[in-house]
Amino acid sequence: MSGGLLIWMPVLLAAVWAAHWGAEHLAEPLKKLRQQWGFSVAAGGAFVGLGAASPEIGINTTSALRGVGDIGLGALLGSNVVAIPLMVLTAYAATRKKRIEGHNDHAKQRQAHFLEIDRRAVTVQALPYLGIIALFALLTLPAPWRGLQPLDGWLLLLGYLAYVTQALLRGRSDGEEVEWSSKEKRLAAAGVASLAIGAYFTVFSTEKIVGAFGLSKIIGGLFITAPVAALPEIFATWYVARSGQITSGVTSVIGDHAVTMTLAFIPLTIVGMTINDFQLFWVTLSFVALMPALYAAFIWCGRKGFRLWQVLTLPMVYVLYLVLLVVWVQPFGSGG
C-alpha cells in the first residue's frame, strides 16, 4: 500500500496543479472579457467562476467517462463544503499586514479584526447560489427521481444561465479597451490541453489511492481530491486579497461553486448516476447549503464583512461536519 501511495500522491498533486494551471490561463481571458463588457467586480465573480471551476468540470467529465462517477460527485460536493471556510480564513490572514493598497481605513479594520467585503456579494452571488443548491436538492433528493438523469442536466443548465444572467446584468457599466496578445491566445490553448490531462490523472490517481486505503470512491472524492484541488485556489485567494482586491478574492469562490453545482454535474447527468450512500449524500448537501447561508448572513449582519469570530466559525462548522460523518454517518469503511 505504501509503495502505491508514494507513486500516486505525487501524481495527484501534479495533476491538480496541471488542471489549475490550465484553468488559470482560461480565467485570464475571462477577466479581460469582464472588463471589456463592463461587468462589476462582484458580478464578474460569476463570470470568472467559469475558468476557476473548469478543473472540476474536467474531473467530472473524466469520472463519467471512466465509470467512476462517485469520485466526481464526492470531489464537487466536498469542494463546496470546504472552500468557503478556507477562502475566508485565507483572505483574513492575508489582509493582516499593515497596509493594503486602495484601503485607507485598513489600519482601523485591522485593529478591529475585520475583513471588509462588498455587501453586493450577498444579493448578486450568495442568495442566487443558494437557489441553485435548492434546485440541485429538488432534482436529486426526492425518492421518485433520486440521482442524476439526463433531464437534470438541462434543468441545471437553465439554473446556471439564470444565475449568471442576473449576476452579469447587475451593476453593468461602460466597458474598457483591452488588448489581446498572441501569447495569451497560445497560453489559453495550452491551458485547455493542460486542463484535460490534469483532470484525467486527478481521477486516475484518486482511484489508485482509495483502492490502497480500501475507501469508497465518494469518500476519496470528498476528502482526497477536493482538499487537494482547493490548494491552488488558496494561494490565489492569498495573492488577490493581499494585493487589495479583497472582495474579488473572497467572492470568486461563490462563482466557482455556482458552476460546480450546475455545469460540472452535467457529465454525470448524461451517463446517469444513482446515489449509493444516501445518508452521506444528504448530510453533505446540507452542509453545502449551510456554508453559503452563513457566508451571506455574516457579511450582511457584520456590516459589509466578517468579524474574527465569524471567520473562525466557518471552519468550526466544517469540523462539525467531519464529526457528524465519523460519529453518525460512519462512511469510511465502505470500500469499493
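**Close-up views of a predicted model**

**View 1. T260 in helix α10.** T260 is part of helix α10, which spans residues 246–260. Helices (H or I, at least four residues) and strands (E, at least two) are DSSP runs, numbered from the N terminus. The model is predicted: local features need pLDDT of at least 70, side-chain atom pairs count only at pLDDT 80 or more, and totals for chains, interfaces and linings use all residues. Residues are numbered from 1 along each chain as its sequence is written, and side-chain values use heavy atoms, with hydrogens and water left out. T260 counts as buried because its relative accessibility is 1%; buried means under 20% relative accessible area, exposed over 50%, and partly exposed in between (1.4 Å probe, protein chains only). Its side chain makes a polar contact with the side chain of N80 at 2.9 Å and reaches the backbone oxygen of H257 at 2.8 Å. A polar contact is a pair of N or O atoms within 3.5 Å; within protein, one must be able to donate a hydrogen and the other to accept it, and residues adjacent in sequence count only if both atoms are side-chain atoms.

View 2. A264 sits in the loop between α10 and α11 (266–271). With a relative accessibility of 0%, A264 counts as buried. Leaving aside neighbours within four places in sequence, A264 is in contact (heavy atoms within 4.5 Å) with E56, I57, N60, L76 and V259. A264 and N60 are 204 residues apart along the chain, and their C-alpha atoms are separated by 6.4 Å.

**View 3. I71 in helix α4.** Helix α4 (residues 69–94) contains I71, which is buried at 0% relative accessibility. Not counting residues up to four places away in sequence, I71 touches S63, V203, T206, E207, K217, G221 and T225. For K217, 146 residues away along the chain, the C-alpha separation from I71 is 5.1 Å.

**View 4. Y295 and the nonpolar cores.** The largest nonpolar core has 75 residues, and L77, F265, Y295 and F306 have the most contacts inside it. Apart from it lies another core, of five residues, among them I59, I71, A75 and V203. A nonpolar core is a set of buried Ala, Val, Leu, Ile, Met, Phe, Trp, Tyr and Cys residues joined through side-chain atoms within 4.5 Å. Beyond residues up to four places away in sequence, Y295 touches I84, V88, A121, A126, V250, T251, I254 and F306.

**View 5. Helix α13 and the nonpolar patch.** W282, M316, V319, V323, V326, V327 and W328 form a nonpolar patch on the surface, with about 670 Å² of accessible area together. Helix α13 (residues 308–329) supplies the largest share of the patch, six residues. Patches are made of residues with over 30% relative accessible area and no salt bridge, where like charges are joined within 9 Å and nonpolar side chains (Val, Leu, Ile, Met, Phe, Trp, Tyr) within 5 Å; a salt bridge is a side-chain nitrogen of Lys or Arg within 4 Å of a carboxyl oxygen of Asp or Glu. Accessible areas come from the Shrake-Rupley method with a 1.4 Å probe; for residues, only the protein chains shown count as cover. V323 lies in helix α13 and is partly exposed at 42% relative accessibility. L312 is also placed in helix α13 and is partly exposed, with a relative accessible area of 43%. L312 and L89 are 223 residues apart in sequence and 7.3 Å apart in space, C-alpha to C-alpha.
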